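User: I am new to this structure and would like to learn how to read its strands and helices. Could you take me through them step by step?

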Amino acid sequence: MALIQRKEYLDKLIAFKDKNLIKVITGIRRCGKSTLMEIFQNYLRSQGITDDRIVSVNFEDYDYAELRTPAKLHEYLKARLVNGRMTYIFLDEIQHVQDFPQVVDSLQLRENTDIYLTGSNAYMMSSEIATLISGRYVEINMLPLSFKEFADSYDNGSLSEKYVDYVTNSSFPYTLELRKHSREIRDYLEAVYNTVVVKDVSNRKKINDTLMLESVTRFMFDNIGNTLSTKKIADTMTSVGRKIDVKTVEKYISALVESYILYRATRYNVKGRQYLKTQEKYYAVDIGLRYVLLGSRSTDVGHILENVIYLELIRRGYDVYIGKVDEYEVDFVAMSSTGPTYIQVAATVRDEKTLQRELLPLAKINDHYPKMILTLDEDPDADYDGIRRTNAYKWLIYK
């Protein structure tokens, strides 16, 4: 299968090429970080960069096990710097190296080094690196395939058919090679889930009760798009015989967010222009993983679409919040440098009462920033006093 170019991420790397900043690519395991580095290395070669100026180490490859020691890694990389020419250094899954920020900091201080890192753990990447190289790195958070990337890999089929495949199977790139083999896709996703939860969460956080961790994960995946508090989660789980306290819930959820299996959206008071600290929402990094955990019984079409839209807004560079307007809720307030965009998400608004319910919160916002409703209805676009209704498939593909 040909490499999917991941253009939005590749363009970011090209833009930062040769800048005196360490490029840190983060994201859940198997979302395509290593492939992106390969694609970018091919781009460098196309620009005339010779192989001796490209140094690449994957720390999940046992051939490089001894380089997990910082002194040996530093010696190895220093010996491969090309005198007087830019050397491009790629360190994949860098969190496996003890005290890696010291090595990276030392190399970055040298002339003619351009450093690219990947990592699958937000704590390792944002906390430790930020402490030692504050202001000298840029983080590129990577997600699995967008719907457009997924759909473009298909030759046939309508957008609606591709969307069903996208949310039913997975957005992880490797699942495209397993297309039409649902059992193999499920086995692969179970392996991804177990790797993330067991290796990246349980071991790092020293969580012994993995069954409770999985129960919390299932609960969170079953409640995507619902406003939650840690107390509500603890009380609900305790009421069904899974006794857990609030602090443990907080610990588990933080670990899941740090490993990029969950994304957190906080609330924003639109009229008061204030960020609120309660009643957050959480979204899954991949709906296919959700099906693996919950089975096909969990087919909440509206919340699944909401999850897809949330991740797409993150891909497009927005800071995304849940809007509060008086006693009403706006699904997303997508913030950019030019201001907010207000978005409602619904599976269908063909019923007039449903349409009016979705319009009401947007109509109460008294500013001139864009307002829209995204639905799965394959109807012509419509405008309701400045509030645009459009098809979600087309918005995901063509926006």
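User: In S4, which residue is the bridge partner of Ile89?

Analyst: In this predicted model, Ile89 has Ile115 in S4 as its bridge partner. That bridge belongs to the pairing of S3 with strand S4 (residues 113-119), which runs in the parallel sense over five bridges. Between the two strands lies helix H4 (residues 100-108), and S3, H4 and S4 together form a right-handed β-α-β unit.

User: With which residue of S3 is Ile54 bridged?

Analyst: The partner of Ile54 in S3 is Tyr88, and strand S2 (residues 54-58) pairs with S3 in the parallel sense over five bridges. From S2 the chain passes through helix H3 (residues 70-78) to S3, in a β-α-β crossover that is right-handed.

User: Are the faces of S3 covered or open?

Analyst: In a regular strand the side chains alternate between the two faces of the sheet. In S3, Thr87, Ile89 and Leu91 lie on one side and Tyr88, Phe90 and Asp92 on the other, and all of them are buried. Strand S3 (residues 87-92) is accordingly described as mostly covered, with six of its six residues buried.

User: How do helices H7 and H13 cross?

Analyst: The axes of helix H7 (residues 159-168) and helix H13 (residues 301-315) come within 11 Å and cross at roughly 90°, and therefore H7 and H13 are roughly perpendicular to each other. Where they touch, Tyr163, Tyr166 and Val167 of H7 meet Ile304, Leu305, Val308 and Arg315 of H13. Sorted by class, this contact holds six nonpolar residues, no polar residues and one charged residue.

How values were computed:
Residues are numbered from 1 along each chain as its sequence is written. This is a predicted model: local features need pLDDT of at least 70, side-chain atom pairs count only at pLDDT 80 or more; totals for chains, interfaces and linings use all residues. Side-chain values use heavy atoms; hydrogens and water are left out. Buried means under 20% relative accessible area, exposed over 50%, partly exposed in between (1.4 Å probe, protein chains only). Helices (H or I, at least four residues) and strands (E, at least two) are DSSP runs, numbered from the N terminus. Two strands pair if DSSP finds at least two bridges between them. A crossover is right-handed if, with the strands pointing away from the viewer, the path from the first strand over the helix to the second runs clockwise. Axes are lines fitted to C-alpha atoms, for helices over the stretch in contact, and angles run from 0 to 180 degrees between N-to-C directions. Angles under 35 degrees count as roughly parallel, over 145 as roughly antiparallel, 65 to 115 as roughly perpendicular and the rest as oblique. Contact means heavy atoms within 4.5 Å. Ala, Val, Leu, Ile, Met, Phe, Trp, Tyr, Cys and Pro count as nonpolar, Asp, Glu, Lys and Arg as charged, and the others, Gly among them, as polar.
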